[in-house]
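Reader: I have the structure open. Can you walk me through it?

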Amino acid sequence: MSGTLIVPVVDEGLGNSAYLVDLGNGRALGVDVSRDLRAVRAAADRHSLKIAFAADTHLHADFLSGARQLAAEDGAQILASAAGHRAFDHRGLADGDEADLGGLTLRAWATPGHTTEHLAYLLLDGAQLLGVFTGGSLLVGAVARTDLSGPEQTEALARSQYASLGRLLALPDATPVYPTHGAGSFCSAPPGAERTTTIGREKATNPLLAAGGEDVFVKVLVASLGTFPGYFLRLPEENRRGPAVVPAIPALAPLTPGQVVAMQNDGGQVIDVRPVAHYAAGHIPGSLAIPMREVFATWLGWLVPDPASLLVIVADPGQDLGEVIWQALKIGYENLAGTLVGGMPAWEAAGQPVAGTPLLIPRQVDPATVIDVRQASEYSTGHLPGARNIELGALDGRAAGLETGPVVTMCGHGERAASAASVLERAGHTAVAVLAGGPPDWADATGLVLERGA
């Protein structure tokens, strides 16, 4: 099958790629497909394909697998590591096992490191190697993190990752490499537009592969590991048990202001998905701002630790509630109570209280009051002089201990800053404002120089 079609399906929000492989006769292989099948379905429809096989390279930490959904809806056979001990019907593969795809062959290679049971898949047409799906082992310009199984296993898995990379790098230089994790993934990948690569290119350009031996590789990799959302520790087990099949296209129930009040009083979480300026102009007291964008799922999972939390959505007219639903479902948040009918105008018309958060321009900000909620790696590249760095994911745990004076939250654009302001307001802080824009905007507006380093 010379010229086999391999279609990347990119989730920009999670920084991941799934893949569709045309097997001929209208059949396809799906690799590392998430529970949100919309983009994969659209790609399959464009090429008149039905997914016959669903292969997972590992027990994913950043999304729920769509393999069970594909088995239920399409009759797809699930292929996965036997060492993963999945608790649902699948074909378990060990090192060297092969799956006949009806012309092409998928050969499993044990490549532990990112996880203990990780597999890479070699795609073969007879003796011809068409490519390798590397999941969370070899990435474009990087390798995936090894600390998702607990700190006690981080170094041992880093050493396993080194050995697995050595095995992969023995493949011919021209071999196409199809990683799952890419730019934007908290499973570790540098910024960049490229999602696929080759063995030869990674040999020549991947900085971790030039680290200078196993011990140096381990030291550099472990030192590079930043924070990650807490839900990453929960999803591997959910993927092992098997995500529930979504029985129908979900929808959000309409809720009156009175119902929203009752749910909030009963412990429900109000999630405001509107743009930053709309949230700042007026919002439900105690709501959590997570502006709707591609990374919504990541921040929902980070800021609402309990997936069983009852979620009430506040949106603007015209916002895509289906996108909210699927981003929640793909990380296991299924307790979606509904959405406030009529949005904030209906809330205000019902006489309910409204809170506001000042939205400031750079010249209105005293840097000494700023909490920069970006990742530490972002903060070190340039920040306002004197600004403190508390990552957004850590802010809730530190909010009660912060002084009660004026605070201005900021990030790179404003979305995370709005989330941070809502976290502080929920913790009882009353003098909170949001800086619109990021450090370069502040520097341009004030003519002052950013600080660098931690």
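Reader: Where is Ser419?

Author: Ser419 sits in helix H14. One caveat: this is a predicted model.

Reader: Noted. Is Ser419 buried or exposed?

Author: Ser419 is buried, because its relative accessible area is 1%, and the cut-off for buried is under 20%.

Reader: What is Ser419 in contact with?

Author: Setting aside neighbours within four places in sequence, the contacts of Ser419 are Leu288, Ala289, Ile290, Pro291, Leu303 and Leu392.

Reader: How many residues apart in sequence are Ser419 and Leu303?

Author: They are 116 residues apart in sequence. In space, C-alpha to C-alpha, Ser419 and Leu303 are 8.7 Å apart.

Reader: On to the largest nonpolar core. Which residues touch the most other members?

Author: Ile271, Ile290, Leu300 and Leu395 do, in a core of 50 residues.

Reader: Which elements give two or more residues to this core?

Author: Helices H9 (296–303), H10 (321–329), H13 (392–398) and H14 (415–426) do. So do strands S18 (311–314) and S24 (432–435). The largest share comes from H9, with six residues.

Reader: What does Ile271 touch?

Author: Not counting residues up to four places away in sequence, Ile271 touches Leu288, Ile290, Phe296, Leu300, Val304, Leu311, Val312, Ile313 and Val314. Another core lies apart from the largest one. That other core has 21 residues, among them Val21, Leu106, Tyr121 and Leu123.

Reader: New topic: charges. How many salt bridges are in the whole structure?

Author: A search finds 23. One of them joins Asp36 and Arg38, with the closest N and O atoms 2.9 Å apart.

Reader: Are Asp36 and Arg38 buried or partly exposed?

Author: Asp36 counts as buried, because its relative accessibility is 12%. Arg38 is at 33%, so Arg38 counts as partly exposed.

Reader: What about Glu98?

Author: Glu98 forms a salt bridge with Arg107, and the closest N and O atoms are 2.7 Å apart. Glu98 is partly exposed, with a relative accessible area of 38%. Arg107 is also partly exposed, at 27% relative accessibility.

Reader: And Asp147?

Author: Asp147 forms a salt bridge with Arg145, the closest N and O atoms being 2.6 Å apart. Both Asp147 and Arg145 are buried.

Reader: Which residues do salt bridges with shared partners join into one network?

Author: Glu155, Arg159, Glu214 and Asp215.

Reader: Which residues of H3 are buried?

Author: Thr154, Leu157, Ala158, Gln161, Ser164, Leu165 and Leu168. Seen down the axis of H3, these fall within an arc of 120 degrees, so the buried residues line one face of the helix.

Reader: And in H15, which are buried?

Author: In H15 (residues 439–446), Pro439, Trp442 and Ala443 are buried. Down the axis of H15 they fall within an arc of 95 degrees, so they line one face of the helix. The buried residues of H15 pack against strand S23 (407–410).

Reader: What follows H15?

Author: Gly447 does, and its phi is positive, near 75 degrees.

Reader: Now Arg274. Where does it lie?

Author: Arg274 lies in the loop between strand S16 (269–272) and helix H8 (276–281). Arg274 is buried, with a relative accessible area of 5%.

Reader: What polar partners does the side chain of Arg274 have?

Author: One is the side chain of Asp272, joined to that of Arg274 by a polar contact of 2.8 Å. Also, a polar atom of the Arg274 side chain lies 2.7 Å from the backbone oxygen of Gly282.

Reader: Last one: where does Thr381 lie, and what does it touch?

Author: Thr381 lies in the loop between helix H12 (376–379) and strand S22 (388–389). Thr381 touches Arg374 and Arg452, not counting residues up to four places away in sequence. Thr381 and Arg452 are 71 residues apart in sequence, yet 5.4 Å apart in space, C-alpha to C-alpha. With a relative accessible area of 46%, Thr381 is partly exposed.

Note on methods. Residues numbered from 1 in each chain as written. Predicted model: local features only at pLDDT ≥ 70, side-chain atom pairs only at ≥ 80, totals over all residues. Heavy atoms only, no water. Core = buried A, V, L, I, M, F, W, Y, C linked by side-chain atoms within 4.5 Å. Buried < 20%, exposed > 50% of the residue type's maximum accessible area, 1.4 Å probe, protein only. Helix = DSSP H or I, 4+ residues; strand = E, 2+ residues; numbered from the N terminus. Contact = heavy atoms within 4.5 Å. Salt bridge = Lys/Arg side-chain N within 4 Å of Asp/Glu carboxyl O. Arc of directions from axis to C-beta. Polar contact = N/O pair within 3.5 Å; in protein donor to acceptor, adjacent residues only side chain to side chain.
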